[in-house]
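Q: I would like to learn how to read a protein structure. Could we go through one together?

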Amino acid sequence: MTGYLTKKKICGQEQFPLVVMLEPTHRCNLTCSGCGRIREYHDTLAQEMTLAECLKAVDDAGAPVVTITGGEPLLYGPVRELVREVLARKKHIYFCTNGMLLEEAAADFLPTPRFTWNVHFDGTEAVHDQIIGRQGGFKKALAGVKAAKAMGFRVNTNTTVYRESSVSDIETLFEQLTSAGVDGILVAPGFSYEDVTGDVFLTRQEIVRKFQQIRQWERRFPIISTPIYLEFLAGGRDLSCTPWGNPTCNSQGWKAPCYLITDTHYATFAELMERTDWDHYSSGEDPRCSQCMVHCGFEPTVVRQMGGRDLWRMLKWNMHV
């Protein structure tokens with residue numbers, strides 16, 4: 001990432017991706033209450049990207065990190081070939097999964113430092129199972145985490161904080177995940193998708209209150225959300241959004257303007273970068289952005305703007321994780 005950023009600075013390029021969010025399929029084996037994807041793309045769930053389209057997206061964007069997500073990407077037919085080809089391009093992969101298929105599927109992949117399973121947990125067993133609508137889902141996902149760790153994989157987890165999320169429940173969850181040996185825990189507030197019904201998402205004021213407590217756990221648990229981003233979530237600093245930092249490609253094209261908001265889809269990555277009014281979205285003027293503090297928009301800002309004391313904090317954090 002350092003080499004990539006250096007090259008971009010030398011070239012004078014201001015807007016470029018850090019992570020490609022690749023959604024080869026939107027099919028899923030769960031219907032989680034806070035998920036916007038299965039609702040937003042309900043008319044096109046059967047459509048998938050071809051392997052060639054996936055690899056072209058990775059090549060065109062050129063980012064050093066590829067997040068393979070969905071839907072549930074383990075339902076994507078050529079997923080093993082996709083992972084193999086992306087790794088052959090010397091990219092780092094974060095493979096996002098709900099964990100339902102992980103215990104059985106992990107053996108089809110090979111451990112490498114550039115491949116990380118990223119398993120979603122939104123609370124302890126009762127809370128998580130209620131959110132995903134599947135009894136036994138927590139146990140199944142945790143069994144997948146333990147199986148993958150036993151095989152030598154790097155395994156991270158991802159937790160979304162909602163309005164009804166209990167901070168004490170999340171604390172207990174992190175204790176369980178740490179005991180299971182996970183390598184990292186990502187935690188972030190949810191985004192209020194227009195297609196999701198119910199008042200489940202946090203306002204900025206509510207985010208700050210919850211994360212003022214969560215931020216205190218940095219030394220207790222292997223939290224991999226950056227310290228500067230956590231400071232932002234806890235109300236300790238202001239950050240502007242970097243909407244082009246994590247561009248998303250799926251069966252409909254390049255999603256604009258960002259991973260969370262869909263105004264249109266572009267056929268090519270070049271069109272996405274050239275035709276999107278980035279200044280409008282990074283300014284926060286769009287009313288849909290008013291409560292957003294999600295990591296995909298603000299963690300890239302941390303990376304782009306770090307310098308001075310923040311640079312040393314990030315170097316220290318990077319050595320820790």
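Q: In which sense do β4 and β5 pair, and over how many bridges?

A: This is a predicted model. In it, β4 and β5 pair in the parallel sense, and five bridges link them. To see one of these links, find T116, whose bridge partner in β5 is R154.

Q: Which strand do five bridges join to β4?

A: That is strand β3, residues 92-97, and β3 and β4 run parallel. Here too you can pick out a pair: C96 has N118 in β4 as its bridge partner.

Q: How many residues of strand β4 are buried?

A: Let me start with the general idea. Side chains in a regular strand alternate between the two faces of the sheet. Now the case here: β4 covers residues 115-120, and five of its six residues are buried, so the strand is largely enclosed by the rest of the structure.

Q: Which strands run antiparallel?

A: Look at β8 (residues 253-257) and β9 (residues 262-266): four bridges join them, and they run antiparallel. The two strands form a hairpin, with four residues between them. Within this pairing, K255 has H265 in β9 as its bridge partner.

Q: Which peptide bonds are cis?

A: One of them is in strand β8, where P257 lies. The bond from A256 to P257 is cis, with omega near 10°. Another cis peptide bond joins G70 and G71, and there omega is about 15°. G71 sits in the loop between β2 (65-68) and α4 (79-88).

Q: What is there to note about phi of K90?

A: Phi of K90 is near 65°, which is a positive value in a residue other than glycine. You will find K90 in the loop between α4 and β3. With a relative accessible area of 62%, K90 is exposed.

Q: How should I read a helix, and which residues of α9 are buried?

A: First the general idea. An α-helix has 3.6 residues a turn, so residues three or four places apart point the same way. In this structure, α9 spans residues 204-214, and its buried residues are E206, I207, V208, K210, F211 and I214.

Q: Is T248 buried or exposed?

A: The value to look at is the relative accessible area, and a residue under 20% counts as buried. For T248 it is 0%, so T248 is buried. This residue lies in strand β7, residues 248-250. Leaving out residues up to four places away in sequence, T248 touches M21, E23, R37, G253, W254, K255 and Y259.

Q: Where is L5, and what is its relative accessibility?

A: L5 is in helix α1, residues 2-11. Its relative accessibility is 11%, so L5 counts as buried. Apart from neighbours within four places in sequence, L5 is in contact with F16, L18 and V303.

Q: Where is H295, and what does it touch?

A: H295 belongs to helix α13, which covers residues 295-305. Its relative accessible area of 21% makes it partly exposed. Setting aside residues up to four places away in sequence, H295 touches L186, A188, Y229 and P300.

Q: What about T44 and H26: how far apart are they in space?

A: Their C-alpha atoms are 8.2 Å apart, while in sequence T44 and H26 are 18 residues apart. T44 has its place in the loop between α2 (37-40) and α3 (51-61). At 15% relative accessibility, T44 counts as buried.

Q: Stepping back, how many helices and strands does the protein have?

A: There are 14 helices and nine strands. The radius of gyration is 18 Å, close to the 20 Å given by the globule rule for 321 residues, so the protein is as compact as a globular protein of that length. Of those 321 residues, 53% count as buried. Among contacts between residues at least 6 apart in sequence, 73% join residues at least 24 apart.

Notes: Residues numbered from 1 in each chain as written. Predicted model: local features only at pLDDT ≥ 70, side-chain atom pairs only at ≥ 80, totals over all residues. Heavy atoms only, no water. Rg over C-alpha atoms; globule rule 2.2 N^0.38 Å. Buried < 20%, exposed > 50% of the residue type's maximum accessible area, 1.4 Å probe, protein only. Contact = heavy atoms within 4.5 Å. Pairing = 2+ DSSP bridges.
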